[in-house]
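Work through the exercises below with the sequence and the 3D structure open. Try each task before reading its solution.

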Amino acid sequence: MKEIAIVSGKGGTGKTSVAASLALVAGMEAVIADCDVDAANMHLLLRPDFSEACDFYSGEIAVIDKGMCRVCGKCMEVCHFDAVTLTDSYAEISAINCEGCGYCSYVCGSSAITMVPAKTGVVYESNIRSGSKMVHATMEPGAENSGKLVFNVRERAADIARREQKGFTIIDGSPGIGCPVIASLSGVSLAVLVTEPSVAAIHDLLRIVEVIQQFRIRTLCVINKYDINRAKTNEIKLLLANMNIAHVCDIAYDSDIAKAIAAGKAMSESGKRGSRAIAELWSKIKAVYG
Amino acid sequence: MRILFTSTGESWDSVIDPRFGRTEYLVLYDEESDSLSVTDNRSAKNEAHGAGRATAKVVSDLKPDILITGNGPGGNASGAIKGMNMKIFINAHNLTIKEAYDNYRNKKLTEL
Amino acid sequence: MTNSKYIKIAVASGKGGTGKTMLATNLAALISGSTKTLLVDLDVEEPNSSLFFGGNKSPAKTLFRPVPEWNREKCLLCDICSDACRFNALIRLGNEISIFDKLCHSCFACSELCPQQALPMKEHAIGELTHITDNNLTIVEGRLFTGEEQSVPLINQTKELSETDYGDYEVKIYDSPPGTSCPVIAAVKGCDLVLLVTEPTPFGLNDLRLAYATMKKMNLPVAVVINRHGIGNGEVDEYCRNESVEIIAKIPYDMEIARICSDGGLLLEEPGYVRPLLESLHKRLIEITNCL
């Protein structure tokens with residue numbers, strides 16, 4: 001079973017559309033993981049049935065038993081995150097400010113503070129319209145997006161893929177260069193970069209490649225909307241060649257694609273040009289594995 | 001030599017876990033005593049932060065001479081591992097522990 | 001109550017690539033025509049705002065956060081520090097204390113609890129701050145070093161510096177990171193108004209919902225900007241009506257806009273309809289923030 005992560009650095013380059021299209025083209029061959037958990041979107045295109053749900057906890061949060069609190073103020077003194085305020089009869093801990101470091105609970109003389117697991121989201125295992133399965137999640141607003149939820153989504157998808165003897169797990173990776181994207185990338189067999197010819201996308205591409213190269217992951221690149229700025233497309237091609245990243249496919253700017261996505265359909269369902277590009281990309285991905 | 005494998009299972013026929021930090025098991029083969037011992041590392045995946053470092057601590061306590069794994073430790077763990085006086089071989093993905101050991105003996109694995 | 005002279009606007013979105021930076025940069029450029037304006041790029045993982053402006057960047061100022069440093073001579077290996085650290089940033093490996101700066105949340109527990117004072121705090125570099133000044137407009141950019149995992153401390157410091165070092169700027173625009181998790185909270189906290197940029201598609205609506213829920217949880221006033229108006233359907237309009245959220249502007253779907261932005265250009269000259277659109281947005285911003 002091979003894990004393939006679709007990543008982009010910058011948001012809005014078409015990463016999720018490409019990933020969802022690959023999911024539909026791969027059909028029963030692949031289990032899907034939506035690891036872009038902060039504002040997950042892939043479900044809008046793949047329409048999962050949310051058949052199994054389970055709460056997800058990550059890290060810890062300090063909780064105070066107000067009855068046991070003696071208002072000594074030690075917790076407030078040691079907290080470096082402004083999470084503790086004192087009232088006349090107890091200390092109060094703000095859940096949104098609490099970093100989960102446990103310092104307050106360590107110093108509390110009356111054992112009034114305990115560290116409890118923090119619920120950060122819900123993970124779903126679903127059937128999707130390709131006939132296969134998808135693992136996805138929602139995050140609590142304002143929760144910390146550590147790599148853990150991302151990793152859990154990925155691991156469950158991989159477990160299903162192994163159990164059902166699928167050839168692939170297709171991962172819709174997180175944007176950015178921080179914790180979540182590292183959790184979606186570490187240990188995958190192949191990374192597929194989706195970029196577009198713009199100054200901002202090129203800037204972000206170089207940053208994500210730096211991260212990918214730390215993990216020595218084999219990488220392919222797709223240029224989406226290549227024809228909106230051909231000079232920038234050529235610039236990307238040169239950069240890719242210099243970084244030894246295979247440029248495997250271009251996708252044209254196409255109002256049919258924009259309309260299809262607005263209607264909840266994937267690129268592969270948008271008409272000839274979109275579906276041909278995705279078919280080409282999928283065959284290039286499979287060619288990596290002979 | 002004490003040779004440690006990141007593994008998805010508990011025997012010679014288990015497949016190498018390509019991940020270091022969140023590897024499910026650590027399988028140690030002691031060549032001198034010809035014995036295999038297994039450490040369950042499944043709790044590492046529940047670490048919100050620094051699974052690689054938590055695993056590094058477990059590895060350090062096992063005192064291996066050689067580590068055989070898939071991708072190699074990520075940035076978080078490699079700093080901790082550097083000081084451990086242990087050789088690391090990578091790219092053993094998709095091999096069983098037995099095959100990875102044979103490849104190591106035949107010098108077919110990449111040293112980090 | 002806000003001082004009517006000073007306004008702080010955050011530009012945010014649930015999803016990346018909706019046109020957040022496009023709006024922030026063009027709005028800042030427009031307002032700076034009449035008012036001293038500060039544009040603060042808080043999307044520190046992928047800061048893009050400065051790509052749209054000429055001018056020379058100031059030398060980078062490195063930003064730090066405190067992390068512990070192990071003093072081997074003083075340490076008795078009592079394990080209080082490794083018990084206290086819940087982030088695996090500090091672990092004991094045999095007779096060594098191993099500290100990994102990137103995982104440290106700077107909670108000071110290990111350092112302050114150590115009976116030997118063997119873990120004094122030192123500075124760890126997390127990113128850098130630069131600024132570009134062009135007449136009435138200054139762009140301040142926070143940039144996270146690659147490999148650093150925590151953006152929140154850098155966002156907080158960049159914001160603090162935008163207060164202390166640039167106090168006399170009447171309008172401050174914060175280009176926030178995308179999403180709804182803690183970096184966004186750090187970026188929008190304390191702003192007078194949050195502009196949520198979205199597009200009229202199922203994606204846009206889904207992300208707007210999540211972003212709006214987060215802002216509501218923080219009790220922040222919100223207005224919506226619809227970008228790429230014309231590609232999708234009326235669901236975002238309907239949602240805003242039901243939630244009583246004002247749609248403050250609609251920017252049409254236009255290839256020319258996409259092309260100009262892809263070259264790092266601003267939209268105040270071409271296409272001609274964008275400037276009046278931003279001007280009325282600006283006017284409405286002043287009205288709203290004065291009423292708050």
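The exercises concern a predicted model, and each task is followed by its solution.

**Exercise 1. The interface of chain C and chain A**

Task: Find how many residues of chain C are in contact with chain A, and state how much area the two chains bury between them.

Solution.
Step 1. On the side of chain C, 53 residues are in contact with 55 residues of chain A.
Step 2. The size of an interface is often given as the accessible area lost when the parts come together. Here chain C and chain A bury about 4,500 Å² between them, and 57% of that lies on carbon and sulfur atoms.
Step 3. Glu46(C), Arg86(C) and Phe203(C) supply 15% of the area that chain C buries against chain A, which is more than any other three residues.

**Exercise 2. Polar links and elements**

Task: Count the salt bridges and the polar contacts between chain C and chain A, then name the element of chain C that gives the most residues to the side touching chain A.

Solution.
Step 1. The count of salt bridges between the two chains is two.
Step 2. There are 25 residue pairs in polar contact across the interface, both residues at pLDDT 80 or more.
Step 3. Elements that give two or more residues to this side of chain C include α2 (80–84), β7 (137–144) and α6 (202–217). With seven residues, α6(C) gives the most.
Step 4. Sorted by type, the residues on this side of chain C are 23 nonpolar, 17 polar and 13 charged.

**Exercise 3. Glu46(C)**

Task: Locate Glu46(C), decide whether Glu46(C) is buried or exposed, and find its salt-bridge partner.

Solution.
Step 1. Glu46(C) sits in the loop between β2 (37–41) and β3 (61–68) of chain C.
Step 2. The relative accessible area of Glu46(C) is 4%, so the residue is buried, the cut-off being under 20%.
Step 3. Residues up to four places away in sequence aside, Glu46(C) touches Gly9(A), Lys10(A), Gly176(A), Ile177(A), His203(A), Asp204(A) and Arg207(A).
Step 4. The salt-bridge partner is Arg207(A), with the closest N and O atoms 3.4 Å apart.

**Exercise 4. Leu267(C)**

Task: Explain why Leu267(C) counts as buried, and list what Leu267(C) is in contact with.

Solution.
Step 1. Leu267(C) lies in the loop between α8 and α9 (274–291) of chain C.
Step 2. Leu267(C) counts as buried because its relative accessible area is 2%.
Step 3. Leaving aside neighbours within four places in sequence, its contacts are Met22(C), Asn26(C), Ile257(C), Ile260(C), Cys261(C), Val274(C) and Arg275(C).

Notes: Residues are numbered from 1 along each chain as its sequence is written. Chains are lettered from A and ligands numbered from 1 in the order in which they are written. This is a predicted model: local features need pLDDT of at least 70, side-chain atom pairs count only at pLDDT 80 or more; totals for chains, interfaces and linings use all residues. Side-chain values use heavy atoms; hydrogens and water are left out. Contact means heavy atoms within 4.5 Å. Buried area is the accessible area (1.4 Å probe) that two parts lose on being put together, summed over both. A salt bridge is a side-chain nitrogen of Lys or Arg within 4 Å of a carboxyl oxygen of Asp or Glu. A polar contact is a pair of N or O atoms within 3.5 Å; within protein, one must be able to donate a hydrogen and the other to accept it, and residues adjacent in sequence count only if both atoms are side-chain atoms. Helices (H or I, at least four residues) and strands (E, at least two) are DSSP runs, numbered from the N terminus. Ala, Val, Leu, Ile, Met, Phe, Trp, Tyr, Cys and Pro count as nonpolar, Asp, Glu, Lys and Arg as charged, and the others, Gly among them, as polar. Buried means under 20% relative accessible area, exposed over 50%, partly exposed in between (1.4 Å probe, protein chains only).
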